[in-house]
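Welcome! Here is a short briefing on one protein structure, written for someone new to reading models. Have a look at it first, and then we will go through a few of its features together.

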Amino acid sequence: MGRATERLRRTWHVLMDTTPPEPPEDEPSEVVSARAIDLVLRVGELLLASGETTERVNEAMLGLAVAYELPRTEVQVTFTSLLVSAHPGGSALPVTGSRAIRRRTPAYWRLMELHELIHDAAIGKLDLEEAHERLAQIKRGRGPYPPWLLVMSFGLIAASAGVLVGGGPVVAATAFVATVIGDRTAAALARRGIAEFFQLLAASSIGASIAVLVVAMGSPGRVSTVVTGAILALLPGRPLVASIQDGITGDLVSAAARLLEVFIMLAAIVAGLGVVVYFAVQLDIDINVSDLPSSPAVFSPVAVLAAAGVGLAFAVSLAVPKNVLFAAAIGGALIWSIHVRLHHWEVAPVFSAAISAVIIGILANMLARRRRAPVLPYVVPAISPLLPGTLLYRAMVELNTGDPQGGVLSLIGALSVALALGAGVNLGGELVRAFQHVGLSASGRWARPAARRTRGY
């Protein structure tokens, strides 16, 4: 009885303690290893360039700094740059290094390799030179899939999405061809130095143009299903999830930059669609809002397989490791199944997307923790079947057929669904973190900067 009372008393004091612990004072050091600072910067750069969130990059860099005994290390991570500063102590000057992020390419297989490197360094399995050699191998390494398969994966996303919203073989084939042509056109513009905004504008307009052309020639496929598939391959699901994560964890500068990137990408897609829809309407091509695809009213095995195909193709396009592909396919099928069930219960689309994303976020975070891997390779492909391609297409049709109020509402609905997906998967991660077995010590509560109660101050 006495032990239980004492344990309860200590727990009460811990819970009521609102003062974060002060960091311990380090003893002055004579030497700061420039080689170690260079490793921390290079690992952080590759993590951020490969698509990792700001909080994870910050944690990784601080972990490496501790592993290689950099004293009093401060790390600053933004969307486009990194800074590391180590202070030897006393009156000595700090040693500072910085690095700019000039190129960002989603390569989730690198995230897995880098997190494994960081884990091995933290437990003392790698000395500094071995860590540099391993980092060089990761940078020189090739992804798990050949380049042609990465190109085809975008077409497979579009084809699966076209089937998902009710299309048949003609729709799937048309969406595949339109998306591949649009992607290769964007790649050609990139090689000529054209900004990404215009690359996306060209890709979305080409996809929509081919869809309109096929329907104008008398194809039984609906233009809306083809365009929805083509849009889904372009929608910025990865930066959306990362932007919401950065905002929740308090990295507001990076969150604002990532979210602005998302809106610019969406603006490019919307502009490309708008131009094509406008000219199609002017040419009296039958583009009717009432012909838009919608969520299926009946649970269909074909739709579930198509959702799994979307998740699988998205995973390949993000270059996830091969052992993640099965989880991506299952995640896509599961989130679509939950969404359909909630739709049958007449849950609003935004809430349906959010609830589905929370469940996926919980499962993905649990799996990632079990495998000691980053969570983004599991989360981003899984939410891809619910990205709001249909709502974006509806908005463009309504804006160009004399219903601007309806078009604005549809556009707001598309953005709301996208933000609900991002917030939902991150809420799932927070729930997993809240119930993990870390104890109630003060250091455990305050170790994460995002957990500190500032109330806006």
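Why is α10 largely enclosed by the rest of the structure? In this predicted model, nine of the 12 residues of α10 are buried, so the helix is largely enclosed.

**Helix α10**
- Helix α10 covers residues 237–248, and at 1.5 Å a residue its 12 residues should span 16 Å; the end C-alpha atoms are 17 Å apart, which agrees.
- Its buried residues are Gly-237, Pro-239, Leu-240, Val-241, Ala-242, Ser-243, Ile-244, Gln-245 and Asp-246.
- The cover over these buried residues includes α3 (54–67), α11 (252–282), α15 (376–383) and α17 (404–434).
- After α10 comes Gly-250, which has a positive phi near 90 degrees.

**A nonpolar patch on the surface**
- Leu-334, Phe-351, Ile-355, Ile-359, Leu-363 and Met-366 make up a nonpolar surface patch, and together they have about 530 Å² of accessible area.
- Helix α14 (residues 349–371) gives the largest share of this patch, with five residues.
- Ile-355 sits in helix α14, and it counts as partly exposed because its relative accessibility is 39%, between the limits of 20% for buried and 50% for exposed.

**An aromatic pair**
- The count of aromatic pairs comes to one.
- Phe-197 and Phe-198 form this edge-to-face pair, with 5.2 Å from centre to centre and 80 degrees between the planes.
- Phe-197 counts as partly exposed at 29% relative accessibility, and Phe-198 counts as partly exposed at 47%.

Note on methods:
Residues numbered from 1 in each chain as written. Predicted model: local features only at pLDDT ≥ 70, side-chain atom pairs only at ≥ 80, totals over all residues. Heavy atoms only, no water. Helix = DSSP H or I, 4+ residues; strand = E, 2+ residues; numbered from the N terminus. Expected span 1.5 Å × (residues − 1). Buried < 20%, exposed > 50% of the residue type's maximum accessible area, 1.4 Å probe, protein only. Contact = heavy atoms within 4.5 Å. Patch = residues over 30% accessible without salt bridge, like charges linked within 9 Å, V, L, I, M, F, W, Y side chains within 5 Å. Areas by Shrake-Rupley, 256 points an atom, 1.4 Å probe, with all protein chains shown as cover. Salt bridge = Lys/Arg side-chain N within 4 Å of Asp/Glu carboxyl O. Phe/Tyr/Trp six-rings, centres within 6.5 Å; stacked < 30°, edge-to-face > 60°.
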